[in-house]
Amino acid sequence: MSAGIGSAATGAQVAPRFRVAICGGGLGGLTLAATLARHCSDIQCDVYEASSWISTAGAGIGTWQRTWRILERLGLDQGLVEKAFSPPKPGKHTALTLRRSDISDGGFNFYDLVAPYGMTPLHRADLFDALLRSLPETYTVHTSKRLSAYIMSEGEAGSVTLHFADGSTATADILVGADGVKSKTRAQMYADLENAACTDEHLGRYQDPKWSGIIAYRSVFPTAELLARFRGHPVAFGAVTHCGKGKSIMAYPIASGKMINVVAYVSDPSKEGMPFPRKWETPATSEEVLAEYEDWEPQALAIIKCMTQTSAWAIHVVDALPHYVHGSVALLGDAARHSLRYMCAHASTPYIGSGVGQAMEDAYILGRLLAHPATNYGNLAEALSVYEDARLPVANAVVQRARRAGRLYQFDLDEWYDGQRGPAERKQLDALSDQVYRQFEWIWGDGPDVAWEEAKNVWEARSCR
Ligand SMILES: Cc1cc2nc3c(=O)[nH]c(=O)nc-3n(C[C@H](O)[C@H](O)[C@H](O)COP(=O)(O)OP(=O)(O)OC[C@H]3O[C@@H](n4cnc5c(N)ncnc54)[C@H](O)[C@@H]3O)c2cc1C
(Lines give C-alpha, C1' and ligand atoms only; values in the text may rest on other atoms or scores of the structure.)
Protein backbone atom coordinates (compact mmCIF):
# COMPACT_ATOMS: atom_id res chain seq x y z
CA MET A 1 0.00 0.00 0.00
CA SER A 2 1.92 3.00 -1.19
CA ALA A 3 -0.22 5.99 -0.29
CA GLY A 4 -0.58 7.56 3.13
CA ILE A 5 -3.28 9.81 4.46
CA GLY A 6 -2.99 12.66 6.88
CA SER A 7 -4.17 12.04 10.43
CA ALA A 8 -7.06 14.41 11.14
CA ALA A 9 -5.80 14.96 14.69
CA THR A 10 -2.09 15.58 14.13
CA GLY A 11 -1.55 16.07 10.42
CA ALA A 12 1.07 13.28 10.65
CA GLN A 13 1.23 10.78 7.79
CA VAL A 14 0.12 7.31 8.77
CA ALA A 15 -0.35 4.25 6.62
CA PRO A 16 -4.03 3.73 5.89
CA ARG A 17 -5.74 0.63 7.29
CA PHE A 18 -6.78 -0.10 3.70
CA ARG A 19 -7.71 1.73 0.52
CA VAL A 20 -11.23 2.03 -0.88
CA ALA A 21 -11.86 3.01 -4.50
CA ILE A 22 -15.40 4.17 -5.23
CA CYS A 23 -16.33 4.17 -8.89
CA GLY A 24 -19.05 6.79 -9.40
CA GLY A 25 -19.59 10.11 -7.69
CA GLY A 26 -23.40 9.95 -7.57
CA LEU A 27 -25.43 10.14 -4.38
CA GLY A 28 -24.64 6.50 -3.53
CA GLY A 29 -20.88 6.81 -4.00
CA LEU A 30 -20.67 10.10 -2.13
CA THR A 31 -22.78 8.76 0.75
CA LEU A 32 -20.32 5.89 1.11
CA ALA A 33 -17.41 8.35 1.20
CA ALA A 34 -19.27 10.52 3.74
CA THR A 35 -20.01 7.50 5.95
CA LEU A 36 -16.36 6.43 5.94
CA ALA A 37 -15.26 9.97 6.75
CA ARG A 38 -17.74 10.22 9.60
CA HIS A 39 -16.80 6.94 11.25
CA CYS A 40 -13.03 6.60 10.88
CA SER A 41 -9.95 8.54 9.87
CA ASP A 42 -7.61 5.71 8.91
CA ILE A 43 -9.05 4.53 5.60
CA GLN A 44 -7.93 6.01 2.31
CA CYS A 45 -10.82 6.80 0.01
CA ASP A 46 -10.72 7.82 -3.64
CA VAL A 47 -13.82 8.53 -5.70
CA TYR A 48 -13.47 8.11 -9.48
CA GLU A 49 -16.17 9.90 -11.45
CA ALA A 50 -16.54 9.55 -15.22
CA SER A 51 -17.87 13.08 -15.78
CA SER A 52 -15.66 16.11 -15.82
CA TRP A 53 -17.59 17.49 -12.86
CA ILE A 54 -19.77 16.10 -10.11
CA SER A 55 -23.15 16.54 -11.73
CA THR A 56 -25.71 18.03 -9.42
CA ALA A 57 -28.12 18.21 -12.33
CA GLY A 58 -31.43 16.56 -11.89
CA ALA A 59 -34.34 17.29 -9.93
CA GLY A 60 -36.15 16.51 -6.79
CA ILE A 61 -35.92 13.44 -4.69
CA GLY A 62 -38.49 12.44 -2.19
CA THR A 63 -36.92 11.30 1.07
CA TRP A 64 -38.62 9.39 3.85
CA GLN A 65 -37.80 9.27 7.52
CA ARG A 66 -35.40 6.33 7.08
CA THR A 67 -33.29 8.29 4.56
CA TRP A 68 -33.45 11.33 6.77
CA ARG A 69 -32.11 9.20 9.64
CA ILE A 70 -28.96 8.54 7.58
CA LEU A 71 -28.57 12.26 6.95
CA GLU A 72 -28.85 12.79 10.71
CA ARG A 73 -26.23 10.14 11.41
CA LEU A 74 -23.91 11.84 8.91
CA GLY A 75 -24.53 15.21 10.55
CA LEU A 76 -26.07 16.66 7.38
CA ASP A 77 -29.68 17.09 8.45
CA GLN A 78 -29.43 20.57 9.97
CA GLY A 79 -28.05 22.12 6.82
CA LEU A 80 -30.77 20.50 4.73
CA VAL A 81 -33.74 21.36 6.97
CA GLU A 82 -33.87 24.94 5.80
CA LYS A 83 -33.78 23.87 2.15
CA ALA A 84 -36.46 21.21 2.45
CA PHE A 85 -40.01 22.12 1.49
CA SER A 86 -41.47 20.07 4.34
CA PRO A 87 -38.81 18.86 6.80
CA PRO A 88 -39.74 15.70 8.68
CA LYS A 89 -41.89 16.41 11.69
CA PRO A 90 -43.17 14.06 14.38
CA GLY A 91 -46.67 12.72 13.92
CA LYS A 92 -48.47 11.45 10.86
CA HIS A 93 -48.78 13.61 7.77
CA THR A 94 -50.11 13.31 4.26
CA ALA A 95 -47.08 12.37 2.20
CA LEU A 96 -48.73 11.86 -1.15
CA THR A 97 -52.17 12.36 -2.67
CA LEU A 98 -53.37 10.07 -5.44
CA ARG A 99 -55.73 11.58 -7.97
CA ARG A 100 -57.46 10.18 -11.01
CA SER A 101 -56.59 12.57 -13.83
CA ASP A 102 -57.18 10.82 -17.16
CA ILE A 103 -60.60 12.43 -17.45
CA SER A 104 -60.84 15.58 -19.56
CA ASP A 105 -63.62 17.33 -17.63
CA GLY A 106 -62.08 17.00 -14.17
CA GLY A 107 -60.45 14.34 -12.05
CA PHE A 108 -60.82 13.54 -8.38
CA ASN A 109 -58.59 12.72 -5.42
CA PHE A 110 -59.02 9.15 -4.26
CA TYR A 111 -56.36 8.59 -1.62
CA ASP A 112 -54.10 10.41 0.86
CA LEU A 113 -51.09 8.35 1.86
CA VAL A 114 -50.46 9.27 5.48
CA ALA A 115 -46.97 8.52 6.79
CA PRO A 116 -45.10 9.01 10.04
CA TYR A 117 -42.94 12.14 9.56
CA GLY A 118 -44.40 12.67 6.08
CA MET A 119 -42.20 12.83 2.99
CA THR A 120 -39.44 15.39 2.56
CA PRO A 121 -38.70 16.44 -1.00
CA LEU A 122 -35.17 17.76 -1.52
CA HIS A 123 -33.40 19.26 -4.48
CA ARG A 124 -30.75 16.81 -5.67
CA ALA A 125 -28.22 19.65 -5.84
CA ASP A 126 -28.70 20.42 -2.13
CA LEU A 127 -27.99 16.81 -1.21
CA PHE A 128 -24.86 16.69 -3.40
CA ASP A 129 -23.65 19.92 -1.93
CA ALA A 130 -24.08 18.66 1.65
CA LEU A 131 -22.31 15.36 0.92
CA LEU A 132 -19.40 16.95 -0.92
CA ARG A 133 -18.86 19.47 1.86
CA SER A 134 -18.69 16.68 4.42
CA LEU A 135 -15.67 15.01 2.77
CA PRO A 136 -12.28 15.63 4.35
CA GLU A 137 -9.36 17.00 2.35
CA THR A 138 -7.67 13.64 2.61
CA TYR A 139 -10.31 12.12 0.32
CA THR A 140 -9.89 12.76 -3.38
CA VAL A 141 -12.70 13.00 -5.89
CA HIS A 142 -11.08 12.37 -9.29
CA THR A 143 -13.20 13.61 -12.18
CA SER A 144 -12.94 12.54 -15.86
CA LYS A 145 -12.00 9.05 -14.68
CA ARG A 146 -14.26 6.59 -16.48
CA LEU A 147 -13.63 3.03 -15.35
CA SER A 148 -13.19 0.76 -18.35
CA ALA A 149 -12.06 -2.43 -16.59
CA TYR A 150 -10.63 -3.79 -13.37
CA ILE A 151 -8.40 -6.68 -12.47
CA MET A 152 -8.60 -8.44 -9.11
CA SER A 153 -5.35 -9.87 -7.86
CA GLU A 154 -4.20 -11.60 -4.73
CA GLY A 155 -0.92 -9.76 -4.20
CA GLU A 156 0.20 -7.31 -1.53
CA ALA A 157 0.46 -4.50 -4.04
CA GLY A 158 -3.28 -3.89 -4.22
CA SER A 159 -6.14 -6.30 -4.59
CA VAL A 160 -7.80 -4.42 -7.43
CA THR A 161 -6.29 -2.53 -10.33
CA LEU A 162 -8.63 -0.03 -11.97
CA HIS A 163 -8.20 0.85 -15.64
CA PHE A 164 -9.67 4.10 -16.91
CA ALA A 165 -10.74 5.16 -20.37
CA ASP A 166 -7.92 7.76 -20.50
CA GLY A 167 -5.32 4.97 -20.22
CA SER A 168 -4.43 5.64 -16.57
CA THR A 169 -4.65 3.10 -13.77
CA ALA A 170 -5.05 3.09 -9.99
CA THR A 171 -4.94 0.43 -7.31
CA ALA A 172 -7.01 -0.13 -4.21
CA ASP A 173 -7.75 -2.88 -1.72
CA ILE A 174 -11.43 -2.89 -2.59
CA LEU A 175 -13.50 -1.43 -5.39
CA VAL A 176 -17.08 -0.32 -4.84
CA GLY A 177 -19.06 0.09 -8.05
CA ALA A 178 -21.48 2.97 -7.47
CA ASP A 179 -21.56 3.72 -11.17
CA GLY A 180 -25.28 3.71 -11.84
CA VAL A 181 -27.60 1.61 -13.96
CA LYS A 182 -25.12 1.25 -16.83
CA SER A 183 -22.47 0.11 -14.32
CA LYS A 184 -19.21 -1.00 -15.86
CA THR A 185 -18.37 -2.60 -12.53
CA ARG A 186 -21.52 -4.75 -12.62
CA ALA A 187 -20.91 -5.70 -16.26
CA GLN A 188 -17.42 -6.93 -15.50
CA MET A 189 -18.38 -8.57 -12.19
CA TYR A 190 -21.06 -10.63 -13.93
CA ALA A 191 -18.82 -11.46 -16.87
CA ASP A 192 -16.23 -12.71 -14.33
CA LEU A 193 -18.87 -14.58 -12.34
CA GLU A 194 -20.14 -16.20 -15.54
CA ASN A 195 -16.62 -17.36 -16.40
CA ALA A 196 -16.03 -18.65 -12.88
CA ALA A 197 -19.50 -20.08 -12.37
CA CYS A 198 -19.90 -23.54 -10.97
CA THR A 199 -23.65 -23.46 -11.66
CA ASP A 200 -25.68 -23.63 -14.83
CA GLU A 201 -27.15 -20.21 -14.19
CA HIS A 202 -26.46 -17.76 -16.99
CA LEU A 203 -24.97 -15.00 -14.84
CA GLY A 204 -23.89 -12.96 -17.86
CA ARG A 205 -27.52 -11.89 -18.32
CA TYR A 206 -27.13 -9.45 -15.43
CA GLN A 207 -24.45 -7.43 -17.21
CA ASP A 208 -26.69 -5.16 -19.22
CA PRO A 209 -29.81 -3.25 -18.24
CA LYS A 210 -32.91 -3.59 -20.38
CA TRP A 211 -35.63 -1.15 -21.32
CA SER A 212 -38.63 -1.21 -19.04
CA GLY A 213 -41.01 0.02 -21.75
CA ILE A 214 -41.31 3.28 -19.80
CA ILE A 215 -40.40 6.81 -20.83
CA ALA A 216 -40.10 9.35 -18.02
CA TYR A 217 -40.34 13.04 -18.87
CA ARG A 218 -38.56 15.05 -16.18
CA SER A 219 -38.62 18.76 -15.54
CA VAL A 220 -38.22 21.40 -12.85
CA PHE A 221 -39.89 24.81 -13.11
CA PRO A 222 -40.81 27.74 -10.85
CA THR A 223 -43.87 27.26 -8.64
CA ALA A 224 -44.98 30.79 -9.56
CA GLU A 225 -45.44 29.67 -13.18
CA LEU A 226 -47.77 26.89 -12.17
CA LEU A 227 -49.78 29.16 -9.89
CA ALA A 228 -50.08 31.73 -12.67
CA ARG A 229 -51.51 29.07 -14.94
CA PHE A 230 -53.74 27.39 -12.38
CA ARG A 231 -54.66 29.33 -9.26
CA GLY A 232 -54.18 27.38 -6.03
CA HIS A 233 -52.72 24.35 -7.83
CA PRO A 234 -52.39 21.61 -5.15
CA VAL A 235 -48.90 20.61 -6.29
CA ALA A 236 -47.63 23.94 -4.97
CA PHE A 237 -48.51 22.65 -1.50
CA GLY A 238 -47.64 18.95 -1.52
CA ALA A 239 -46.91 15.82 -3.52
CA VAL A 240 -49.58 14.56 -5.92
CA THR A 241 -49.48 11.56 -8.22
CA HIS A 242 -51.91 12.09 -11.08
CA CYS A 243 -52.98 8.61 -12.12
CA GLY A 244 -54.36 7.28 -15.39
CA LYS A 245 -54.37 4.20 -17.56
CA GLY A 246 -50.78 3.46 -18.55
CA LYS A 247 -49.56 6.89 -17.45
CA SER A 248 -48.95 8.90 -14.31
CA ILE A 249 -47.52 12.28 -13.35
CA MET A 250 -45.73 12.71 -10.03
CA ALA A 251 -45.12 16.31 -8.94
CA TYR A 252 -44.06 18.04 -5.75
CA PRO A 253 -42.43 21.26 -4.52
CA ILE A 254 -38.69 21.44 -3.86
CA ALA A 255 -36.17 24.19 -3.06
CA SER A 256 -38.12 25.57 -0.10
CA GLY A 257 -41.27 25.45 -2.25
CA LYS A 258 -39.93 27.77 -4.94
CA MET A 259 -39.68 25.09 -7.64
CA ILE A 260 -41.79 22.15 -8.77
CA ASN A 261 -40.23 18.80 -9.61
CA VAL A 262 -42.21 16.69 -12.06
CA VAL A 263 -41.82 13.28 -13.65
CA ALA A 264 -44.45 12.20 -16.16
CA TYR A 265 -44.40 8.49 -17.00
CA VAL A 266 -45.70 6.80 -20.12
CA SER A 267 -45.62 3.00 -19.96
CA ASP A 268 -45.96 0.34 -22.58
CA PRO A 269 -45.52 -2.99 -20.77
CA SER A 270 -45.50 -4.85 -24.12
CA LYS A 271 -42.12 -3.23 -24.84
CA GLU A 272 -40.50 -4.30 -21.57
CA GLY A 273 -37.23 -6.06 -22.35
CA MET A 274 -37.01 -4.75 -25.93
CA PRO A 275 -33.91 -2.84 -27.02
CA PHE A 276 -34.41 0.91 -26.84
CA PRO A 277 -33.65 2.21 -30.32
CA ARG A 278 -32.42 5.71 -29.47
CA LYS A 279 -30.28 7.54 -26.90
CA TRP A 280 -31.55 6.88 -23.39
CA GLU A 281 -31.85 10.56 -22.54
CA THR A 282 -32.97 13.21 -25.02
CA PRO A 283 -34.53 16.68 -24.79
CA ALA A 284 -38.31 16.78 -25.21
CA THR A 285 -40.73 19.61 -25.93
CA SER A 286 -43.77 20.46 -23.87
CA GLU A 287 -45.89 19.73 -26.98
CA GLU A 288 -44.45 16.23 -27.19
CA VAL A 289 -45.40 15.55 -23.59
CA LEU A 290 -48.82 17.19 -24.00
CA ALA A 291 -49.58 14.87 -26.90
CA GLU A 292 -49.28 11.93 -24.50
CA TYR A 293 -51.79 13.43 -22.08
CA GLU A 294 -54.25 15.17 -24.38
CA ASP A 295 -57.36 13.66 -22.76
CA TRP A 296 -56.28 14.52 -19.22
CA GLU A 297 -57.87 17.03 -16.87
CA PRO A 298 -56.82 20.72 -16.70
CA GLN A 299 -54.99 20.28 -13.35
CA ALA A 300 -52.62 17.75 -14.94
CA LEU A 301 -52.27 19.69 -18.21
CA ALA A 302 -51.31 22.84 -16.30
CA ILE A 303 -48.27 20.99 -14.97
CA ILE A 304 -47.27 19.74 -18.39
CA LYS A 305 -47.64 23.16 -19.99
CA CYS A 306 -45.01 24.42 -17.52
CA MET A 307 -42.53 21.73 -18.65
CA THR A 308 -40.67 23.90 -21.12
CA GLN A 309 -37.27 22.37 -20.34
CA THR A 310 -37.80 18.66 -20.31
CA SER A 311 -35.71 15.57 -20.79
CA ALA A 312 -37.14 12.23 -21.84
CA TRP A 313 -35.52 9.23 -20.14
CA ALA A 314 -35.95 5.68 -21.31
CA ILE A 315 -36.15 3.83 -18.07
CA HIS A 316 -33.90 0.81 -17.98
CA VAL A 317 -33.86 -1.93 -15.42
CA VAL A 318 -31.74 -4.77 -14.25
CA ASP A 319 -33.08 -8.17 -13.23
CA ALA A 320 -32.86 -8.74 -9.46
CA LEU A 321 -29.19 -9.58 -8.95
CA PRO A 322 -28.16 -12.76 -7.15
CA HIS A 323 -24.90 -11.15 -5.91
CA TYR A 324 -23.74 -7.67 -4.94
CA VAL A 325 -20.20 -8.83 -4.20
CA HIS A 326 -17.44 -10.80 -5.89
CA GLY A 327 -14.12 -11.05 -4.03
CA SER A 328 -12.97 -7.54 -3.21
CA VAL A 329 -15.50 -5.81 -5.47
CA ALA A 330 -18.98 -4.71 -4.37
CA LEU A 331 -21.91 -2.94 -6.01
CA LEU A 332 -24.22 -0.38 -4.51
CA GLY A 333 -27.14 1.81 -5.49
CA ASP A 334 -28.38 1.82 -9.04
CA ALA A 335 -25.42 -0.30 -10.14
CA ALA A 336 -26.97 -3.06 -8.06
CA ARG A 337 -30.52 -2.47 -9.26
CA HIS A 338 -31.61 0.48 -11.25
CA SER A 339 -33.93 3.10 -10.40
CA LEU A 340 -36.91 3.93 -12.41
CA ARG A 341 -36.83 0.50 -13.48
CA TYR A 342 -40.30 -0.40 -14.37
CA MET A 343 -40.05 1.05 -11.39
CA CYS A 344 -37.70 -1.19 -10.11
CA ALA A 345 -34.55 -2.10 -8.74
CA HIS A 346 -32.00 -0.35 -7.27
CA ALA A 347 -32.46 0.07 -10.34
CA SER A 348 -35.48 0.53 -8.45
CA THR A 349 -38.18 2.70 -9.51
CA PRO A 350 -39.05 6.14 -8.65
CA TYR A 351 -42.60 5.14 -7.92
CA ILE A 352 -42.07 4.96 -4.21
CA GLY A 353 -39.31 7.53 -4.08
CA SER A 354 -36.71 5.11 -2.79
CA GLY A 355 -33.91 4.87 -5.36
CA VAL A 356 -31.68 7.37 -3.63
CA GLY A 357 -32.83 6.18 -0.22
CA GLN A 358 -31.86 2.60 -1.02
CA ALA A 359 -28.54 3.69 -2.55
CA MET A 360 -27.88 5.59 0.69
CA GLU A 361 -28.84 2.62 2.85
CA ASP A 362 -26.43 0.42 0.89
CA ALA A 363 -23.74 3.04 1.32
CA TYR A 364 -24.42 3.54 5.01
CA ILE A 365 -24.33 -0.17 5.91
CA LEU A 366 -21.27 -0.80 3.74
CA GLY A 367 -19.51 2.29 5.09
CA ARG A 368 -20.18 1.33 8.71
CA LEU A 369 -18.89 -2.20 8.10
CA LEU A 370 -15.71 -0.95 6.45
CA ALA A 371 -15.14 1.65 9.16
CA HIS A 372 -15.66 -0.91 11.93
CA PRO A 373 -12.45 -1.39 13.98
CA ALA A 374 -12.56 -5.16 13.35
CA THR A 375 -12.27 -4.65 9.58
CA ASN A 376 -8.77 -4.84 8.17
CA TYR A 377 -6.85 -5.56 4.99
CA GLY A 378 -7.03 -9.30 5.64
CA ASN A 379 -10.80 -9.69 6.11
CA LEU A 380 -12.23 -7.19 3.61
CA ALA A 381 -13.87 -9.82 1.42
CA GLU A 382 -15.65 -11.24 4.46
CA ALA A 383 -16.88 -7.81 5.49
CA LEU A 384 -18.25 -7.35 1.96
CA SER A 385 -20.13 -10.61 2.23
CA VAL A 386 -21.82 -9.38 5.43
CA TYR A 387 -22.86 -6.29 3.46
CA GLU A 388 -24.32 -8.46 0.73
CA ASP A 389 -26.28 -10.59 3.20
CA ALA A 390 -27.64 -7.48 4.91
CA ARG A 391 -28.64 -5.53 1.83
CA LEU A 392 -29.39 -7.79 -1.12
CA PRO A 393 -32.69 -9.31 0.07
CA VAL A 394 -33.99 -6.02 1.44
CA ALA A 395 -33.11 -3.93 -1.58
CA ASN A 396 -34.39 -6.47 -4.10
CA ALA A 397 -37.71 -6.59 -2.22
CA VAL A 398 -37.96 -2.79 -2.38
CA VAL A 399 -37.53 -2.93 -6.13
CA GLN A 400 -40.47 -5.26 -6.41
CA ARG A 401 -42.60 -2.96 -4.27
CA ALA A 402 -41.70 0.04 -6.40
CA ARG A 403 -42.59 -1.84 -9.53
CA ARG A 404 -45.93 -2.86 -8.10
CA ALA A 405 -46.70 0.68 -6.93
CA GLY A 406 -46.11 1.97 -10.46
CA ARG A 407 -48.50 -0.58 -11.92
CA LEU A 408 -51.13 0.37 -9.35
CA TYR A 409 -50.80 4.10 -10.17
CA GLN A 410 -51.28 3.26 -13.82
CA PHE A 411 -54.26 0.91 -13.35
CA ASP A 412 -52.22 -1.91 -14.74
CA LEU A 413 -53.00 -4.57 -12.12
CA ASP A 414 -56.36 -5.79 -13.28
CA GLU A 415 -57.13 -7.72 -10.12
CA TRP A 416 -57.30 -4.38 -8.27
CA TYR A 417 -58.44 -1.96 -10.92
CA ASP A 418 -58.14 -1.87 -14.69
CA GLY A 419 -59.11 1.77 -15.20
CA GLN A 420 -62.69 1.13 -16.39
CA ARG A 421 -65.12 3.79 -15.25
CA GLY A 422 -68.42 2.68 -13.77
CA PRO A 423 -70.37 2.17 -10.55
CA ALA A 424 -67.70 -0.06 -8.98
CA GLU A 425 -64.89 2.43 -9.66
CA ARG A 426 -64.74 4.06 -6.21
CA LYS A 427 -64.77 0.73 -4.42
CA GLN A 428 -62.05 -0.60 -6.69
CA LEU A 429 -59.96 2.52 -6.17
CA ASP A 430 -60.29 2.01 -2.40
CA ALA A 431 -58.96 -1.52 -2.77
CA LEU A 432 -56.17 -0.23 -5.02
CA SER A 433 -55.30 2.43 -2.42
CA ASP A 434 -54.99 -0.23 0.23
CA GLN A 435 -52.53 -2.03 -2.02
CA VAL A 436 -50.57 1.19 -2.56
CA TYR A 437 -50.32 1.60 1.21
CA ARG A 438 -48.90 -1.93 1.47
CA GLN A 439 -46.10 -1.07 -0.97
CA PHE A 440 -45.05 1.80 1.29
CA GLU A 441 -45.48 0.20 4.73
CA TRP A 442 -41.88 -1.03 4.95
CA ILE A 443 -40.66 2.56 4.60
CA TRP A 444 -41.75 3.42 8.11
CA GLY A 445 -40.65 0.08 9.53
CA ASP A 446 -37.20 -0.57 10.98
CA GLY A 447 -34.75 1.95 9.62
CA PRO A 448 -31.02 1.97 8.94
CA ASP A 449 -30.11 2.00 12.65
CA VAL A 450 -31.69 -1.40 13.17
CA ALA A 451 -30.18 -2.74 9.95
CA TRP A 452 -26.76 -1.52 11.03
CA GLU A 453 -27.09 -3.06 14.51
CA GLU A 454 -27.94 -6.41 12.92
CA ALA A 455 -25.06 -6.25 10.43
CA LYS A 456 -22.69 -5.13 13.18
CA ASN A 457 -23.65 -8.09 15.38
CA VAL A 458 -23.07 -10.51 12.52
CA TRP A 459 -19.73 -8.89 11.70
CA GLU A 460 -18.51 -8.84 15.29
CA ALA A 461 -19.42 -12.49 15.76
CA ARG A 462 -17.68 -13.46 12.50
CA SER A 463 -14.60 -11.29 12.75
CA CYS A 464 -13.86 -12.47 16.30
CA ARG A 465 -13.91 -16.13 15.34
C1 LIG B 1 -37.12 10.06 -12.94
C2 LIG B 1 -36.50 9.60 -11.66
C3 LIG B 1 -37.05 10.01 -10.46
C4 LIG B 1 -36.50 9.56 -9.27
N5 LIG B 1 -37.06 9.96 -8.08
C6 LIG B 1 -36.53 9.51 -6.93
C7 LIG B 1 -37.07 9.90 -5.66
O8 LIG B 1 -38.02 10.66 -5.56
N9 LIG B 1 -36.50 9.40 -4.54
C10 LIG B 1 -35.44 8.56 -4.60
O11 LIG B 1 -34.96 8.13 -3.54
N12 LIG B 1 -34.90 8.19 -5.78
C13 LIG B 1 -35.41 8.64 -6.94
N14 LIG B 1 -34.88 8.25 -8.12
C15 LIG B 1 -33.77 7.30 -8.14
C16 LIG B 1 -32.44 7.94 -7.89
O17 LIG B 1 -32.20 9.04 -8.73
C18 LIG B 1 -31.33 6.90 -8.10
O19 LIG B 1 -31.74 5.69 -7.52
C20 LIG B 1 -30.06 7.36 -7.46
O21 LIG B 1 -29.61 8.53 -8.10
C22 LIG B 1 -28.97 6.29 -7.55
O23 LIG B 1 -27.74 6.81 -7.13
P24 LIG B 1 -26.39 6.09 -7.55
O25 LIG B 1 -25.31 6.90 -6.91
O26 LIG B 1 -26.48 4.65 -7.27
O27 LIG B 1 -26.31 6.20 -9.14
P28 LIG B 1 -26.20 7.47 -10.08
O29 LIG B 1 -26.91 8.64 -9.51
O30 LIG B 1 -26.59 7.02 -11.44
O31 LIG B 1 -24.65 7.84 -10.07
C32 LIG B 1 -23.70 7.05 -10.77
C33 LIG B 1 -22.46 7.89 -11.01
O34 LIG B 1 -21.46 7.06 -11.60
C35 LIG B 1 -20.86 7.74 -12.69
N36 LIG B 1 -20.36 6.72 -13.60
C37 LIG B 1 -21.07 5.97 -14.48
N38 LIG B 1 -20.25 5.11 -15.13
C39 LIG B 1 -19.01 5.33 -14.64
C40 LIG B 1 -17.73 4.75 -14.92
N41 LIG B 1 -17.59 3.77 -15.84
N42 LIG B 1 -16.64 5.19 -14.25
C43 LIG B 1 -16.78 6.17 -13.30
N44 LIG B 1 -17.96 6.77 -13.02
C45 LIG B 1 -19.06 6.34 -13.68
C46 LIG B 1 -21.97 8.58 -13.27
O47 LIG B 1 -21.46 9.66 -14.01
C48 LIG B 1 -22.69 9.04 -11.98
O49 LIG B 1 -22.13 10.21 -11.46
C50 LIG B 1 -35.39 8.70 -9.30
C51 LIG B 1 -34.81 8.31 -10.51
C52 LIG B 1 -35.37 8.77 -11.68
C53 LIG B 1 -34.73 8.37 -12.99
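Which residues have the most contacts inside the largest nonpolar core? They are Val20, Leu127, Leu175 and Leu370, in a core of 78 residues. The model is predicted: local features need pLDDT of at least 70 and side-chain atom pairs pLDDT 80 or more, whereas totals for chains, interfaces and linings use all residues. Residues are numbered from 1 along each chain as its sequence is written, and side-chain values use heavy atoms, without hydrogens and water.

A nonpolar core is a set of buried Ala, Val, Leu, Ile, Met, Phe, Trp, Tyr and Cys residues joined through side-chain atoms within 4.5 Å; buried means under 20% relative accessible area with a 1.4 Å probe, protein chains only. The two cores are listed here.

| Core | Size | Residues, among them |
|---|---|---|
| Largest nonpolar core | 78 residues | Val20, Leu127, Leu175, Leu370 |
| Another core, apart from it | 35 residues | Ile214, Ile254, Leu429, Val436 |

Phe440 belongs to helix H11, residues 425-440. Phe440 counts as buried because its relative accessibility is 1%.

The second largest pocket holds about 360 Å³ of space. Among its 21 lining residues, Arg66, Ala390, Val394, Ala451 and Glu454 are the closest to its centre. A pocket is an open set of points on a 1 Å grid where a 1.4 Å probe fits, with protein on both sides within 12 Å along at least five of seven lines; lining residues have an atom within 4 Å of a point. H10 supplies the largest share of this lining, eight residues.

Methods
Points joined across faces, edges and corners; volume = space filled by probe spheres on them. Helix = DSSP H or I, 4+ residues; strand = E, 2+ residues; numbered from the N terminus. Buried < 20%, exposed > 50% of the residue type's maximum accessible area, 1.4 Å probe, protein only.
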